[in-house]
Amino acid sequence: MSLTAKVREHYSPAGLTDRIKSALGPEGQPLTVGQLAQLDQFHTRGILATTELAGAAGLDASNRVLDLGCGVGGPARYLAATFGCAVTGIDLSPDFIDAAIYLTARCELSDRVTFQVGDALHLPFGDGAFDAVFLQHVAMNIEDRASLYAELRRILAPGGRFATYDVVLRDGDVVYPVPWARDGSTSFLLSDGDTRAALEQAGFKATLWRDDTQTASDWFKGAMAGPPPSGPNLGLVMGPDFPAIVGNLGRNIRENRVGVLSAVLISH
Ligand SMILES: C[S@@+](CC[C@H](N)C(=O)[O-])C[C@H]1O[C@@H](n2cnc3c(N)ncnc32)[C@H](O)[C@@H]1O
């Protein structure tokens with residue numbers, strides 16, 4: 001099986017859209033982005049992190065935004081609803097794209113947010129097609145970072161912004177399974193330094209480079225201390241071992257095996 005197929009298989013929960021439909025109940029009133037935040041923000045610190053990164057990227061309604069590795073589309077819907085911009089979501093997983101399209105219709109945002117299945121290393125867009133690219137908790141699955149960052153620079157207009165929020169390698173062996181991989185065969189973490197070097201090599205210059213590891217660790221401590229979220233949540237997307245998988249990520253962060261990085265860079 002190819003690496004791409006293995007990653008796609010990891011993110012292929014059978015019957016996801018049907019399970020989301022039953023959990024959300026009857027289609028009446030439009031849903032808000034906030035109502036879905038426990039379900040559709042598939043990264044550490046959820047919508048808080050998306051809000052911070054979007055603020056740092058400085059978007060406006062005229063921007064053409066790509067959310068790469070968009071999952072079930074929560075961040076893409078947040079960007080469109082908050083800034084009024086047009087957002088395209090791309091993801092390897094047909095199941096996630098199907099759910100993303102359904103949830104976007106329920107939020108009445110389909111005129112501004114569109115989705116398609118695709119691979120980050122072979123994007124179906126022309127040069128300079130976007131003003132901003134978001135990449136949240138995706139690079140960990142991509143071995144060939146040089147090609148990833150070169151592809152992002154290609155599809156960004158000159159001066160375009162690349163906003164990323166990712167897990168980085170620190171000083172220990174990762175305890176698996178984690179949300180992005182069941183074992184090390186589909187996990188490709190880089191250190192902060194190697195990530196920055198790869199981005200600079202591809203032609204990006206950082207305007208924000210922030211270590212969010214302590215913030216993430218504090219957030220996990222609070223989340224683990226409280227009851228599990230009520231209502232539709234990421235357990236629907238990640239399956240029954242969701243608590244154990246998320247617990248491992250919290251442990252990896254707490255024990256400094258991995259870190260969490262927020263960055264905004266300009267293509268130059
Ligand atoms: C942990 S989820 C994050 C989803 C979303 N960015 C969010 O924060 O809600 C990682 C996502 O990256 C996608 N992904 C991984 N490798 C990819 C690739 N080569 N091309 C496109 N998407 C990819 C997966 O399918 C999955 O939806």
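Me: What kind of model is it, and how are residues numbered?

Reply: It is a predicted model, in which local features need pLDDT of at least 70, side-chain atom pairs count only at pLDDT 80 or more, and totals for chains, interfaces and linings use all residues. Residues are numbered from 1 along each chain as its sequence is written, and side-chain values use heavy atoms, with hydrogens and water left out.

Me: OK, the ligand. Which residues come nearest?

Reply: Phe42, His43, Gly69, Asp91 and Ala120 come nearest, out of 21 residues around the ligand. A residue is near a molecule if one of its heavy atoms lies within 4 Å of it.

Me: What is the shell made of, by class?

Reply: There are 10 nonpolar, 8 polar and 3 charged residues in the shell around the ligand. Ala, Val, Leu, Ile, Met, Phe, Trp, Tyr, Cys and Pro count as nonpolar, Asp, Glu, Lys and Arg as charged, and the others, Gly among them, as polar.

Me: How far is the side chain of His43 from an oxygen atom of the ligand? And what about Asp91?

Reply: An N or O atom in the His43 side chain is 2.5 Å from a ligand oxygen. For Asp91, a polar side-chain atom lies 2.6 Å from an oxygen atom of the ligand. A polar contact is a pair of N or O atoms within 3.5 Å; within protein, one must be able to donate a hydrogen and the other to accept it, and residues adjacent in sequence count only if both atoms are side-chain atoms.

Me: Change of topic. How many cavities of 30 Å³ or more are there?

Reply: There is 1, and about 70 Å³ of space lies in the largest cavity. On a 1 Å grid over the protein atoms alone, a cavity is a set of points where a 1.4 Å probe fits but cannot get out, and a pocket is an open set with protein on both sides within 12 Å along at least five of seven lines; lining residues have an atom within 4 Å of a point. Grid points are joined across faces, edges and corners, and a volume is the space filled by probe spheres set on the points.

Me: Which element gives the largest share of the lining of the largest cavity?

Reply: β5, with 5 residues. By class, that lining has 8 nonpolar, 2 polar and 2 charged residues. Helices (H or I, at least four residues) and strands (E, at least two) are DSSP runs, numbered from the N terminus.

Me: And the second largest pocket, which residues lie nearest its centre?

Reply: Glu9, His10, Tyr11, Ser12 and Arg182, out of 18 lining residues. The pocket holds about 320 Å³ of space. Helix α1 (3-10) gives the largest share of its lining, 3 residues.

Me: Single residues now. Is Ser93 buried or exposed?

Reply: Ser93 is buried, because its relative accessible area is 0% and buried means under 20%, exposed over 50%, partly exposed in between (1.4 Å probe, protein chains only). Ser93 sits in the loop between β2 (86-91) and α6 (94-106). Its side chain reaches the backbone nitrogen of Phe96 at 3.0 Å.

Me: Where is the cis peptide bond?

Reply: It joins Tyr176 and Pro177, with omega about -5 degrees. Pro177 is in the loop between β5 and α8 (192-202).

Me: What is phi for Arg45? And for His137?

Reply: Arg45 has phi near 70 degrees, a positive value in a residue other than glycine. His137 is not a glycine, and its phi is positive too, about 55 degrees. Arg45 counts as buried because its relative accessible area is 7%, and His137 counts as buried at 10%.
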